[in-house]
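Colleague: I have the model open and would like to talk it through with you. Could you start with the helix packing and then move on to how the chains meet?

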2 protein chains.
Amino acid sequence: MPEFDYIAWLRSRTPADPRVPVGPGDDCAVLAPAGRPLLVTTDLLTDGTDFILAEVGPRAAGRKAMAVNLSDVAAMAGVPTAAVVAVALPRGGGRSLGEELYVGIREVADEFGVAVVGGDTNSWEGALVVTVTLLGEATARGPVLRSGAKPGDWVMLTGPVGGSIRGRHLTPTPRVREALRLHNLVDLHAMIDLSDGLAADLNHVLEESRCGAVLDAAAIPIHADAVELAKTSGKTPLAHALGDGEDFELLFTVSAADGAALLRDQPVPGVTLAKVGECVGEGLWLEEGGARRPLAPAGWVHEL
Amino acid sequence: MPEFDYIAWLRSRTPADPRVPVGPGDDCAVLAPAGRPLLVTTDLLTDGTDFILAEVGPRAAGRKAMAVNLSDVAAMAGVPTAAVVAVALPRGGGRSLGEELYVGIREVADEFGVAVVGGDTNSWEGALVVTVTLLGEATARGPVLRSGAKPGDWVMLTGPVGGSIRGRHLTPTPRVREALRLHNLVDLHAMIDLSDGLAADLNHVLEESRCGAVLDAAAIPIHADAVELAKTSGKTPLAHALGDGEDFELLFTVSAADGAALLRDQPVPGVTLAKVGECVGEGLWLEEGGARRPLAPAGWVHEL
């Protein structure tokens with residue numbers, strides 16, 4: 001039994017949304033029937049694992065909770081529509097913690113046209129927990145799955161990777177618009193958002209697609225954060241780019257012809273598309289200086 | 001980064017579900033378009049608040065997490081369809097904790113034809129947290145809201161209330177089938193499931209409907225648990241029936257003519273419908289021994 005209903009409070013400050021035909025007082029939110037296949041994703045974030053509340057504050061935690069879900073809908077080239085938010089607030093955190101959390105959630109939701117339609121507010125003796133469940137719809141071209149990569153495909157990225165722990169992991173820009181633009185331009189064979197890391201997430205695609213891939217070390221766009229981190233971490237910038245998580249860029253595969261056109265035309269505003277490798281029959285490989293070595297999904301190289 | 005993916009494990013043991021056209025490896029679950037208005041509800045349950053894990057075990061916690069969401073869909077007279085499950089498992093709880101939790105979730109989901117289509121598994125330093133988000137569809141008659149009660153309506157219940165803390169709160173039977181049967185038989189003006197308590201939840205309906213109600217003390221079906229609890233609590237059985245929460249019976253209002261027919265015919269298998277009061281212009285009242293006194297939403301009686 002919360003002493004204060006943050007969701008009701010927040011919704012009372014939200015202009016009436018035509019997509020939400022019933023009041024906040026009902027047991028379920030009611031949404032218009034989905035015209036297209038429905039997408040559903042949920043992410044639970046905890047203080048101490050996904051963010052350090054004492055360092056970043058509740059607004060940043062709220063922003064991340066919404067953004068990581070949006071990134072999952074982006075990975076399917078879907079259109080996000082509505083979200084529900086469930087929170088466990090630490091007792092004694094005060095009203096402002098819940099309010100600031102929801103301000104962060106709403107800022108990102110508003111930016112992507114997502115209606116926050118309901119939720120569940122709890123207080124407890126533990127640390128902050130926030131679960132966002134996001135609904136979306138596939139476009140007329142259908143959802144992009146992980147399972148469609150084929151040998152000969154180009155493996156491409158929407159941006160540089162590595163070192164997100166220096167701060168970027170808290171403020172990802174979900175590639176929702178970029179995914180829709182790509183989906184509209186070319187036949188996306190497979191797509192995933194980079195949450196576990198380049199090598200690990202590529203491996204997820206390869207497992208679902210039952211094929212392999214070779215990454216070209218020299219072609220991987222390495223983020224400045226990876227370079228900075230490598231100065232003290234004892235790892236190379238490339239190792240950070242391959243192994244670090246929470247970049248939230250998109251990795252996708254397309255035919256070589258589509259890939260070449262994307263690389264040449266760079267038709268997606270705000271991002272530089274990069275070719276980082278090609279799909280092959282089997283295995284996960286890294287090509288560096290003319291040598292091809294096995295790459296572990298965790299991002300490290302097997303010396304042969 | 002969980003050491004073991006319980007959701008993948010559980011899904012690998014679940015027969016292929018035609019409602020889930022894509023594999024467990026994708027970023028979102030994909031569901032067929034909703035033919036009818038879509039219902040969405042989410043509940044976050046924590047160890048120490050909603051259950052005591054050390055006393056009841058993870059399977060009971062899982063059962064409750066699914067059941068309370070089903071009760072919300074029942075309150076709208078909806079058909080539950082699919083759920084996603086996000087958990088934060090205490091580190092060192094071992095694989096069996098997550099597995100047993102999901103067994104409980106699946107048992108109740110299966111009983112009501114709900115597909116568990118995805119989720120998010122985390123481990124952390126805190127206590128067990130489980131968030132279930134349940135989707136459903138309204139029937140052709142539309143969802144039943146809280147806002148349709150009118151003066152003159154009968155206020156009815158699907159079963160006896162009070163004292164659920166003695167154990168029933170862990171094993172509610174969501175009134176999904178009963179709600180659909182009632183919705184098919186009569187014009188349900190307003191409905192809610194009893195989670196906060198009879199007086200509090202009736203008050204939610206009255207606030208949304210902008211009317212009042214008089215409860216008839218002698219007509220309220222008091223559960224044997226309320227009688228038992230009253231022996232040691234210092235409260236009356238009636239006070240427990242009015243004030244205790246988590247009964248998960250349905251409270252609904254119908255026209256007097258429909259109410260009389262329901263009371264006479266008792267057309268809902270497995271439950272005994274009771275008339276507990278009538279809607280009036282304003283206020284929340286308790287009638288007892290010929291006297292009408294104001295009733296607080298928390299369930300206690302204002303002495304005049």
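Modeller: In chain A, helix α2 (residues 53-75) packs on helix α3 (residues 94-111) at an angle of about 35°, with the axes 7 Å apart. Axes here are lines fitted to C-alpha atoms, for helices over the stretch in contact, and angles run from 0 to 180 degrees between N-to-C directions; helices (H or I, at least four residues) and strands (E, at least two) are DSSP runs, numbered from the N terminus.

Colleague: Is the crossing of α2(A) with α3(A) left-handed or right-handed?

Modeller: The crossing of α2(A) past α3(A) is right-handed, where right-handed has the near helix turned clockwise from the far one by less than a right angle, and left-handed anticlockwise.

Colleague: Which residues make the contact?

Modeller: From α2(A) they include A:G57, A:A61 and A:L70, and from α3(A) they include A:L97, A:G104 and A:V108, with two residues in contact if their C-beta atoms, placed from the backbone, lie within 7 Å. By class, that contact of α2(A) with α3(A) has 14 nonpolar, 3 polar and 4 charged residues, counting Ala, Val, Leu, Ile, Met, Phe, Trp, Tyr, Cys and Pro as nonpolar, Asp, Glu, Lys and Arg as charged, and the others, Gly among them, as polar.

Colleague: What is the angle between α2 and α3 in chain B?

Modeller: Helix α2 and helix α3 of chain B pack at about 35°, with their axes 7 Å apart, and α2(B) passes α3(B) in a right-handed crossing.

Colleague: Before we go on, what are the ground rules here?

Modeller: This is a predicted model, in which local features need pLDDT of at least 70 and side-chain atom pairs count only at pLDDT 80 or more, while totals for chains, interfaces and linings use all residues. Residues are numbered from 1 along each chain as its sequence is written, and chains are lettered from A and ligands numbered from 1 in the order in which they are written.

Colleague: What is the mean pLDDT of chain A, and where does pLDDT stay under 50?

Modeller: The mean for chain A is 90, with 91% of its residues at 70 or more, pLDDT being the predictor's confidence in each residue, from 0 to 100. It stays under 50 over residues 1-24 of chain A, for which the model has 31 contacts beyond four places in sequence. Where pLDDT is low, the predicted coordinates should not be read in detail. The model scores ipTM 0.89 and pTM 0.90.
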